[in-house]
Amino acid sequence: MNPSSRLSAPKLVSSSRAQVPQGCAGDIEQILISAPRIHRRVMEMAQVIAEDYHGKRLIIVALLNGTVLFLADLVRHFEVPLSLDLIGVSSYRGGTSSGELEFTKRLKLNLRDQHVLVVDDILDTGKTLRAVSEELSKQSPASLKTCVLLDKPEGRTVNLEADYVGFIVPHLFVVGYGLDYDERYRNLPFVGVLHPHVYRKSSDQQS
Ligand code: XMP
């Protein structure tokens, strides 16, 4: 898979000038990507993807649950005919990788001879996107590309790059805009770095 040349290169994000809201200040160390910045980039991604698939029927396959906010914002800007399906893959428990990949929800749509775009929240080791791409390829789609909001290149253990990337983030655990820690923080409108005391609290409670 080759990165799309039409989308402007994703920037390495360090931190945002936005203030962490009072309500979650104790759990979020810093805002990495503010809500307006996400909005602008997702619009840009949608425009480029829509141009790339102009005149073609597109099937978007999104991974549950972390893509839900990104997916909703992305597809509402598309003016191409598309179908949507969701696939469930579980690879992480809490903040750390379980190492095992398990399909928790299968697709309903038939992908044979269709143009397919796989949408995920974050590309880290690359194992999830590779496993999903391999699974979907078995159905012989006409084309298969990948799109992620966030890319953590330092975490990569398999040789895989996404075709469309929103932002490059440092090797930190991030939450918000769909991404969770133990099913929390998905509703935050920005992407932020989780404060280490949240991990420590969870591991103290488990021990
Ligand atoms: P891999 O390592 O397979 O991971 O590329 C992709 C999946 O791992 C989860 N993930 C994260 N989730 N904050 C999260 O909330 C993170 O920093 C993070 N890094 C990886 C995510 O579910 C993604 O689909």
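Contact here means heavy atoms within 4.5 Å, and among contacts in the chain between residues at least 6 apart in sequence, 67% join residues at least 24 apart. This is a predicted model, in which local features need pLDDT of at least 70 and side-chain atom pairs count only at pLDDT 80 or more, while totals for chains, interfaces and linings use all residues. Residues are numbered from 1 along each chain as its sequence is written, and side-chain values use heavy atoms, with hydrogens and water left out.

**Overall make-up**

- The chain has four helices and nine strands, where helices (H or I, at least four residues) and strands (E, at least two) are DSSP runs numbered from the N terminus.
- Along the sequence these elements follow the pattern β-α-β-α-β-β-β-α-β-β-β-β-α.
- Of the 207 residues in the chain, 50% are buried, with buried meaning under 20% relative accessible area, exposed over 50% and partly exposed in between (1.4 Å probe, protein chains only).

**Packing of H1 and H2**

- Two packed helices are described by the angle between their axes and the distance between the axes.
- The axes of helix H1 (residues 35–52) and helix H2 (residues 68–75) come within 9 Å and cross at roughly 55°, the axes being lines fitted to C-alpha atoms, for helices over the stretch in contact, and the angles running from 0 to 180 degrees between N-to-C directions.
- H1 is therefore oblique to H2, since angles under 35 degrees count as roughly parallel, over 145 as roughly antiparallel, 65 to 115 as roughly perpendicular and the rest as oblique.
- The crossing of H1 and H2 is right-handed, a term used if the near helix is turned clockwise from the far one by less than a right angle, with left-handed used if the turn is anticlockwise.
- On the H1 side, Val 42, Met 45, Ala 46 and Ile 49 meet Phe 70, Asp 73 and Leu 74 of H2.
- By class, the contact of H1 with H2 has six nonpolar, no polar and one charged residues, where Ala, Val, Leu, Ile, Met, Phe, Trp, Tyr, Cys and Pro count as nonpolar, Asp, Glu, Lys and Arg as charged, and the others, Gly among them, as polar.

**Buried residues and their surroundings**

- Phe 70, which lies in helix H2, counts as buried because its relative accessibility is 0%.
- Not counting residues up to four places away in sequence, Phe 70 touches Val 42, Met 45, Val 119, Asp 120, Cys 147, Val 148, Leu 149 and Tyr 177.
- Asp 151, found in strand S6 (residues 143–151), counts as buried at 5% relative accessibility.
- Leaving aside neighbours within four places in sequence, Asp 151 is in contact with residues including Leu 123, Arg 156, Glu 161 and Phe 167.
- Cys 24 is buried at a relative accessible area of 13% and Cys 147 is buried at 0%, while a search of the whole structure finds zero disulfides (pairs of cysteine sulfur atoms within 2.5 Å).

**Backbone features**

- Most residues other than glycine have a negative phi, and most peptide bonds are trans.
- A cis peptide bond, with omega about -10°, joins Leu 64 and Asn 65, and Asn 65 is found in the loop between strand S2 (58–64) and H2.
- Asp 113, in the loop between strand S4 (96–105) and strand S5 (115–123), has a positive phi of about 65° and counts as exposed at 54% relative accessibility.
- Tyr 177, in the loop between strand S8 (174–175) and strand S9 (191–194), has a positive phi near 50° and is buried, with a relative accessible area of 5%.
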